[in-house]
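Reader: Hi, I'm new to this one and would like to be walked through it. Could we look at it together?

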Amino acid sequence: MEKIVILTGAGISAESGLSTFRDEGGLWAQHRIEEVATPEGFARNPALVQGFYNARRTQAAGVEPNAAHKALARLQRGWPGEVVIVTQNVDSLHEAGGARNVIHMHGTLAGALCSACGHRWIAPPEMAVGEPCPSCNRPTARPDVVWFGEMPYHMDEIYDHLASASLFAAIGTSGQVYPAAAFVHEAQAAGAQTVEINLEPTLGATGFDTYILGKASETVPHWVEQLLARPS
Ligand code: OAD
């Protein structure tokens, strides 16, 4: 049965009210990546970094999944084959929209990680600087998100899925951050059809077989209905 692998980015959560990174007024226009999204930045100024992620955790807790998140969950329920959702997003809106087994390659705001012993636990709404790890008791708690210079999570599993995909879709991602930006080539090498669904054509749009332009809350439900109506 045909496997669909879907990569999502900040654009799918934009209409829920969460900021993207590279759009005008996005997070990287307001914060320096080196300061808030690198291990070096955290070592230099943990209060700044915890504050940045605390604010994002609070913001994410106050928003709802939109029609695009819900449509992907519907695809998972209705498609006769496997539908794998890989997200670069650290929010939990896919899960809130009903999706299952979402692969969070850049981690999640819901999680805390001990940078000393690797223990993971559920993050409190506000993480404090020097908060002790519940396992080793050292003051080394950090958000369980992947920073620049760190290896994204679950890469072996993701490459296995890409190698057996029949259809690959990238939704709401600018395709500027690797390794996710290269998934389209992995999928193509495996013989998959590829589609980009985005508000505007990205720099890598020509690397896809087809692309669909528009707001995710409109384009994704339409794309899902078409797939589910396809004769199997
Ligand atoms: P970006 O902010 O780079 O890209 C968001 C994309 O979504 C852009 O191409 C927008 O045009 C598009 N977009 C915006 N609103 C949309 C809408 N309503 N419907 C459809 N598309 C829309 O975000 P990502 O590609 O997710 O990593 O960024 C990738 C990674 O860079 C993030 O996971 C994060 C960031 O630095 C880390 O922090 C490690």
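Author: The shell around the ligand draws at least three residues from each of domain 1 (1-17 + 65-106 + 151-232) and domain 2 (19-62 + 110-145), with domain bounds taken from an automatic or database domain assignment. This is a predicted model, in which local features need pLDDT of at least 70 and side-chain atom pairs count only at pLDDT 80 or more, while totals for chains, interfaces and linings use all residues. Residues are numbered from 1 along each chain as its sequence is written, and side-chain values use heavy atoms, with hydrogens and water left out.

Reader: Ok, and which residues come nearest to the ligand?

Author: They are Ala10, Phe21, Arg22, Thr173 and Ser174, out of 24 residues around the ligand, where a residue counts as near if one of its heavy atoms lies within 4 Å.

Reader: What about polar side-chain atoms, how far is Arg22 from an oxygen atom of the ligand?

Author: A polar side-chain atom of Arg22 is 2.7 Å from a ligand oxygen, and for Glu200 a side-chain N or O atom lies 3.3 Å from an oxygen atom of the ligand; a polar contact is a pair of N or O atoms within 3.5 Å.

Reader: Changing topic, which peptide bond is cis?

Author: The bond from Tyr178 to Pro179 is cis, with omega near 10 degrees, and Pro179 is found in the loop between β7 (167-171) and α9 (183-189). Helices (H or I, at least four residues) and strands (E, at least two) are DSSP runs, numbered from the N terminus. Most peptide bonds are trans.

Reader: And where is Asn137 found?

Author: Asn137 is in the loop between β5 (120-122) and β6 (141-145), and its phi is near 70 degrees, a positive value in a residue other than glycine.

Note on methods:
Polar contact = N/O pair within 3.5 Å; in protein donor to acceptor, adjacent residues only side chain to side chain.
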